Amino acid sequence: MTSILARHSSSSTSAISYKRSHPHKRHPALSSEYLYPAAPSAEEAVSNILYNTPPSGQGRTKQRHIFNCLVQNEPGVLSRVSGILAGRGFNIDSLVVAKTEVADLSRMTIVLKGESTTIEQARRQLEDLVPVWAVLDYTGFKVIQRELLLIKVSILGPEHVRAQMKSRSPSWHMVEEAEEEMSPSNALRQTYGHLKSLTELAKLFQGKVVDVSSDCAVIELSAKPDRIDSFIKLVKPFGILEAARSGMMAMPRSPIYDRHESEEEEEAQDSGSGVDATMLPPG
């Protein structure tokens, strides 16, 4: 017993002596260059902007076109329009058809890619159809683009996604399997942690969770198509069970007119049309 106490006391004494012989070194204070970094030069700023700028699509020959077709609300119009586009080899990216406020009129929004000359020929051919009133090309115009997304995402974790997709029965056994791999408290905490993360992510994109079950959640999002694509990429690690997209709808933006600017332009035109008598030749 005495030997054990002597050993502990000797070890503690040696530790104290070691600390005294090796005092704690203080870290040097932060330099002014770290606290107040120097402004980058023009060359460094340009290099940074060029490095972070995505590559331009100059090599692309095909451009995305948005058609707004006003058609007669009768059977067979959709098949005739899609048949003309398919006959010319166009792959339709999106097609949305719905009735308008007029009973006999429907609006058809078509998004496709192709060369401008071929697209123009297809547009004229669509206008020649009897049930088509007009075909408007919104390419290059300022339009409001919206698309609706309904996506079902797993909240159990990506390792359970395949089992959830294969199973058609109620998914309580999925939750039980997740609880068997870890304690019930940790499984419950992880499940609601995933749900909270999905809810916050949906709020960042101005979406909302419209349905929650024991193993998944359904999120509704209305945004631009590019924003929809970004949201799908962000929720993909959680595990996507189902996804449904409505297709893109488009409407041109209305211009804003300023009464004062129009009056100034009219005054400038009136003043410019007048002739200064002092500048005329004598006689």
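The model is predicted, so local features need pLDDT of at least 70 and side-chain atom pairs count only at pLDDT 80 or more, while totals for chains, interfaces and linings use all residues. Residues are numbered from 1 along each chain as its sequence is written, and side-chain values use heavy atoms, leaving out hydrogens and water.

Reader: Why is Gln-145 called buried?

Author: Buried means under 20% relative accessible area, exposed over 50%, and partly exposed in between, with a 1.4 Å probe and protein chains only. Gln-145 has 16%, so Gln-145 counts as buried.

Reader: Where is Gln-145 found?

Author: Gln-145 belongs to strand 5, residues 143-154. Strands (E, at least two residues) and helices (H or I, at least four) are DSSP runs numbered from the N terminus.

Reader: What makes the pair of side chains of Gln-145 and Arg-64 a polar contact?

Author: A polar contact is a pair of N or O atoms within 3.5 Å; within protein, one must be able to donate a hydrogen and the other to accept it, and residues adjacent in sequence count only if both atoms are side-chain atoms. The two side chains make such a contact at 3.3 Å.

Reader: Which residues of helix 9 are buried, and how do you know that they line one face?

Author: In helix 9 (residues 225-235), they are Pro-225, Ile-228, Phe-231 and Val-235. Seen down the helix axis, they fall within an arc of 115°, so they line one face. That arc is taken from the directions from the helix axis to the C-beta atoms. The face turned away from the buried side carries the exposed residues Asp-226 and Lys-233.
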